[in-house]
Amino acid sequence: MSSFIFPKNFLWGAATAAYQIEGAAKEDGKGESIWDHFSHTPGKVYQGDTGDIACDHYHRYQEDIDIMTELGLKAYRFSIAWPRIFPEGKGRANQGGIDFYDRLIDKLLEAGITPAVTLYHWDLPQSLQEQGGWAKRIPIDPFVDYAEQVFKIFGDRVQQWITLNEPQVAAFCGYAYGNHAPGLQDQAAAVQAAHHLLVAHAKTVRLFRQMNLKGQIGITLNLTPTYPASTSREDQKAAILADSEKNRWFLDPVFKGTYPEDMAELYRQKLQAPRIEDGDLELLKRANIDFLGINYYSRAVIGQAAPGSSDFYQQVRPDHSAYTDMDWEIYPDGIYDLLVRIKHDYDDPHILITENGAAFQDGIIQNGIIADDDRLDYLKQHLIAIHKAIGAGVRLDGYFVWSFMDNFEWAYGYTEKFGIVQVDYRTQSRSIKKSGYWYRDVIQNNCIQG
Ligand code: FCB
């Protein structure tokens, strides 16, 4: 049996997001977010599920921190709901919302758990959406003001900040595919929204430096390594283009202040987007991050676009692979390839895996424990691949399982389960799954037994 020992001080964590777990949708002065609005729009979320109650974490955070302690988590990644702090997106800060995160952060620190805080995990205040949302520049300055307020209040206690979670998903699922809030189907608006999100990120990093805070700041990108479906020249070209659209469209501006030319040319021709104002790219170029957060779930196998289609390429589903309940291919080598590639192409940044995990229905109960062996196996295979990447010199400082507990999985509602802790939504009782106990042992030993 081989064992895989992780570096000393490796940050073992688990992640959640505000709208997916908190509930308390209208409590203590919270304003409406685009996800409140979207989930209450008939037909948008599976079975009409909403985040109104979710895991009721807003009231049960102490119990949840106790479970984190039992798991031995060293860090916990969560997001702050902007509309709890500024119900209308801007204006007067709401003390009720501030107090909640104050309590949460203090209790985490008391438990010896490092908070890693995401400022934006998709819950834009609805009133800013009504002025056009991220398709316009409107939310940029309010976002920076919100960040300033949060830095002022929590900057003494929080050392790890993530500006945005997955701007690619926020922009494209929200504005082009329409399956996420705000539910638009306008590709040009999506490309524009992605740009505005990145500008908001860059301005926030600049502010963070100006405020001289002692922590670290980064951004979380969902990255999907692409592989050609065959050795044909066409498929190889298609895979490169897919990489530009999915990955480099975000990596290049964040690290270099540029957009990849192949994709930029196509967007210009087809969509006349994005409109970039003077200074935007310079701002991005100067916004040096302390670490890159990566969310990795799967790869994409890419072939040339079908004849007659207006798409730039098509994704192919490999037949002989295993898949999670999301129908995402299980491909642990992808995280290794991705990490090594980022090291080489983007000047060897510090990296945190801010999400990785798998949706599976709960397994049968064995010895009184939910036996989610498929999730356990997924996590184990990915952590072994990550260990190999560290061996190849990647500066990987930590890993957060998605998710700490089962929660509201966006358009899938409560059907898809990612937690290492089960939530029974009827009673709100929590049970650590087998994968959770396994993760506890990994953390304790700082090592995986192969
Ligand atoms: C990511 C999201 C996260 C969760 C996982 C499954 O795209 O950041 O909130 O829904 O997918």
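The side chain of His196 comes to 2.9 Å from the backbone oxygen of Lys136, which I call a polar contact in the sense of a pair of N or O atoms within 3.5 Å, where within protein one must be able to donate a hydrogen and the other to accept it, and where residues adjacent in sequence count only if both atoms are side-chain atoms. This is a predicted model, in which local features need pLDDT of at least 70 and side-chain atom pairs count only at pLDDT 80 or more, while totals for chains, interfaces and linings use all residues. Residues are numbered from 1 along each chain as its sequence is written, and side-chain values use heavy atoms, with hydrogens and water left out.

To stay with His196 for a moment, this residue lies in helix α9, residues 187-210; helices here are DSSP runs of H or I with at least four residues, strands are runs of E with at least two, and both are numbered from the N terminus. His196 has a relative accessible area of 3% and is therefore buried, where buried means under 20%, exposed means over 50% and partly exposed lies in between, with a 1.4 Å probe and protein chains only. Leaving aside neighbours within four places in sequence, His196 is in contact with Trp134, Ala135, Lys136, Arg137 and Ile140, contact meaning heavy atoms within 4.5 Å.

Let me turn to helix packing. Helix α5, residues 95-110, and helix α7, residues 140-154, pack at an angle of about 45 degrees with their axes 11 Å apart; the axes are lines fitted to C-alpha atoms, for helices over the stretch in contact, and angles run from 0 to 180 degrees between N-to-C directions. The two helices α5 and α7 are therefore oblique to each other, given that angles under 35 degrees count as roughly parallel, over 145 as roughly antiparallel, 65 to 115 as roughly perpendicular and the rest as oblique. On the α5 side, Ile98, Tyr101, Asp102 and Ile105 meet Gln149, Ile153 and Phe154 of α7. The residues of that contact divide into five nonpolar, one polar and one charged, with Ala, Val, Leu, Ile, Met, Phe, Trp, Tyr, Cys and Pro taken as nonpolar, Asp, Glu, Lys and Arg as charged, and the others, Gly among them, as polar.

The second pair is α13 and helix α14, residues 373-391, whose axes come within 8 Å and cross at roughly 25 degrees, so that α13 and α14 are roughly parallel to each other. Here Ile335, Tyr336 and Leu339 of α13 meet His382, Ala385, Ile386, Lys388 and Ala389 of α14, and by class this contact has six nonpolar, one polar and one charged residues.

Now to the backbone in the loops. The peptide bond from Ala181 to Pro182 is cis, with omega near 5 degrees, and Pro182 sits in the loop between α8 and α9. A cis peptide bond also joins Ala273 and Pro274, with omega about -5 degrees, and Pro274 belongs to the loop between α11 and α12. Asn367 is not a glycine, although its phi is positive at about 50 degrees; this residue is in the loop between β12 and β13 and is exposed, with a relative accessible area of 81%.

I will finish with Gly436, which is in helix α15, residues 434-445, and counts as buried at 0% relative accessibility. The C-alpha atoms of Gly436 and Glu70 are separated by 9.8 Å, although these residues are 366 residues apart along the chain.
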